[in-house]
Amino acid sequence: MFLFEKLDALREAGSFDDSVPDCVFCNLNPLFELRPYQNKAFCNFINYFENDRLRSNPTQVLFHMATGSGKTLIMAGLIMYLYHRGYRNFLFFVHLDNIIQKTKDNFLNQTSAKYLFAPEIIIDGEHIPIREVDNFQNASTGVINICFTTIQKLHSDMFFVKENAPSIDDFIEQKTVLISDEAHHLNVDTRKGKTDLDDEDSKSWEYTVRRIFNANNNNVLLEFTATCDLKNQFILSNYENKIIFDYDLRKFCEEKYSKQVKAIRADINYEERILQALLLSQYRLKIFQDNRLNVKPVVLFKSKTIAESKQYAEVFPEMLRTLKGSSLKKIISSSPIDEIKQMNNYFQSKGIDYDKLAQELREEFGPARCISVNDEKEATEWQLLLNSLEDANNPYRAIFEVKKLDEGWDVLNLFDIVRLYETRDAKNGKPGSATIAEAQLIGRGARYYPFNIDEEQEKYQRKYDNDLDNPLRICEELYYHCQYDSRYIDELNKALIASGIMPDNQTKIQYTFKDNFKEDDFYKSALVFRNKREEKSRKSINELLPSIRSKEYYVTVHTGKTTIDTMMSDIISNTKAEIHTCRTTIKDIASKNFSIIHRALRRIDTFKFHTLQSYFPNITSIKDFIFNGSYLGDIKMIIESNEKTLTAPILFDACFDVLSTIGNEISITKTIYKGTYEFTDAKFNEVFENKTMYITDPQGEGIGISQNASTVSPDLKIDLSDKEWYVFNDNYGTSEEKAFVKYFSTFVNDLKKQYEKVFLVRNERQLVLYSFDGGERFEPDYLLFLRKKHSSGYDQYQIFVEPKGDHLIEGDKWKEDFLLQIEKRGIPKKTFVDDNTYHIWGFPFFNKTHRVKEYTTAFERLTSNGKVKPSAEC
């Protein structure tokens, strides 16, 4: 079992603190918002370090984290924590000098946009400076002393003593934290299966690090890499009990923290390939500018040899100097790909002709905006500029290189990579080393450039996966321009899938309005209503958010479940432990034993009274916070354990687990909102439009599968293509959503007797509502529109519908509560006066197993006789 799996087991058992201490959280640059997985990485290390039974001395752990996931930020936070734990000396080492220079900028240069610490570092009430040192012989006690070195220099210093260089004595006399970046380069001996890593005769890099590490029993070795070779049995054996956090590139991309990678392969010459990339880069620049985002897209030109790269860098200015609009017109008009067509339509809509476009490219990619990085001297000389390409005062938009940027390059605004050679190096269908290196470079370019158009959007994650027609989609994509060679693309794709950058099964789906619906006056002129959110003063906050308060928290504590797996077979033997389930609330537990809740709260920083009052100014005491149903009192818990009668230790573990989760939710909610009672109008055809999406690995009856597919069971299957009441071409929702559409189809005939218009609309993240009490974002899955005439106009009903699977009904109860409040609280507000009457309602959750009766009762309100009769589908 990996170390991180042991920690996950402790987390699940409730024996784990999931809060990041103030010494870490408050001393990192507030501009870098901690992501959930980074919080988990910190908590894994802190819980391990403070667990004497789990931790070994000296302490060695490995953070296996994807390129671009913020490893250096984790290093910075751990420096803060370990200073708090009494460490003063920190040795940072890596194999490349350019990474040293980048890290120094991150740790020491307060003027850098990528400086990782807070303006003032305060630990245990003291102001703590950071000081770069050459060695630790005269290290100060009230200072963070950091020595930066390459592993090559460190190795030399340990065997050939030099003045002002670190020596082995430094590490014997004082405990030290060793921070190894790109740590996979150290495993020379382990990779070969060498067992005696302390053999002085070998004198490898790994031996040197091991010698320093073992010099003091209190030393700590923190290793960081994105590429731990766990397929090597010796590496796996050595690191199984050291990998403290695992967050590979696949998880990183699946959670939308990366750009999406697209390969543009074209049978065109190199000059046309270069110009195609420049055109797309310029288009992307303008899309950013249209949205008031100061982002400068960069293009990288990758050659096979240094000589070729230098040649391209030399001819590039002349190519642009003589560039004519007619050349660009030829490239654009001959390209069949949609992205180029969209780009061309954009330029035309802005009145930018081809000659003007050629002039823009000459200016934007002139000699002063190009940089060549082809040898060690150039890489070192330009390192800080290359790692600050995002800065407003950094002029560079084009980079020429071979492989100097494959490691240690932090770049967010690289959006195009142009491959200026045609060779392949695959063998037996497997990608070769060059292709794998190209995939690694693409991984660096796939780092997401954080932006948001409004404060509701997640800044650090992709936002347009389900809105492929949005112009901003190009700002979340990395284009790899290469030759028209399907075999090469297949090899590269294998390398990208293996690294986790690309999912291995994506399906493109489209929600398209039916032509006859687009001809209907409803589509052309109907109004749709939605509310907004407004910021709420902390002084008015007197409750937890509904999404926190209404959830049921499921906890397992000491269940005794045990399984025996017979290795190299499919035999699994499950032993039956007697499991007992108890439903209770925080208030019930506190009523019987107040100290259980109080003790759990005291262990979590968020619930210290002065901190708690900053979030909830109206609480009068901790006791009030515990018992009041608006806060913790009515928090529901389902506790599973092997005890029929829950003991105090089990209750404490369960409460600590739940309260840690709630505390984390409270601490990350910086601004509190409320949803407006007013629902303002907008034109239907401005809110809802055709939608194109990518779905990863669609299966069975679930998301991404047509409701008319052969894999869909008969009780859910329906051909929607000829159903005039369903406005889109098909339904690709969950099985529960498909069940609702099939259920609704049986009532259409009855509804048509009462209403002249009956339309069901799939809402694919196009209309957003905000709960009245907490201003929490909610996108109901469907909207039902009903319209009937009255004497001077018509009545229109707009009804929000949310199908919900069994496992989500309780956890999403706040959404149902909000839906049922809309009819009484929601006020339709028209921009222009007309003779029509508008009604906005919300229905209870639909669930085919548990909620059909309630749903039928809700439907009956829509008919004049109060009854609807299911019929065959319409």
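In what order do the seven strands of the open sheet stand? I looked, and they run β5-β6-β2-β7-β8-β1-β9, with parallel pairing. Two strands count as paired if DSSP finds at least two bridges between them. Strands (E, at least two residues) and helices (H or I, at least four) are DSSP runs, numbered from the N terminus.

Before going on, I noted that this is a predicted model, where local features need pLDDT of at least 70 and side-chain atom pairs count only at pLDDT 80 or more, while totals for chains, interfaces and linings use all residues. Residues are numbered from 1 along each chain as its sequence is written, and side-chain values use heavy atoms, with hydrogens and water left out.

I then followed β1 (residues 59-65), which runs parallel to β9 and is joined to it by four bridges. M65 stands opposite Y247 in β9. Helix α1 (residues 3-13) packs on this sheet and touches β1 and β9, its direction making about 90 degrees with that of β9. For angles, axes are lines fitted to C-alpha atoms (for helices, over the stretch in contact), and the values run from 0 to 180 degrees between N-to-C directions.

**Helix α3.** I found 14 residues here (36-49), reaching 20 Å from first C-alpha to last, close to the 20 Å expected at 1.5 Å a residue. The expected span is 1.5 Å times one less than the number of residues. Twelve of the 14 are buried, so α3 is largely enclosed by the rest of the structure. Buried means under 20% relative accessible area, exposed over 50%, partly exposed in between (1.4 Å probe, protein chains only). Among the buried ones I spotted Y37, F42, C43 and F49.

**Residue I371.** I located I371 in strand β12 (residues 370-373). I371 is buried, at 4% relative accessible area. Leaving aside neighbours within four places in sequence, I371 is in contact (heavy atoms within 4.5 Å) with W382, L386, Y396, A398, I399 and F400.

**Two helices crossing.** I saw α14 (residues 325-334) pack with α16 (residues 354-364) at about 105 degrees, with axes 7 Å apart. That makes the two roughly perpendicular; under 35 degrees counts as roughly parallel, over 145 as roughly antiparallel, 65 to 115 as roughly perpendicular and the rest as oblique. Residues meeting there include L328 and I332 in α14, and L357 and L361 in α16.
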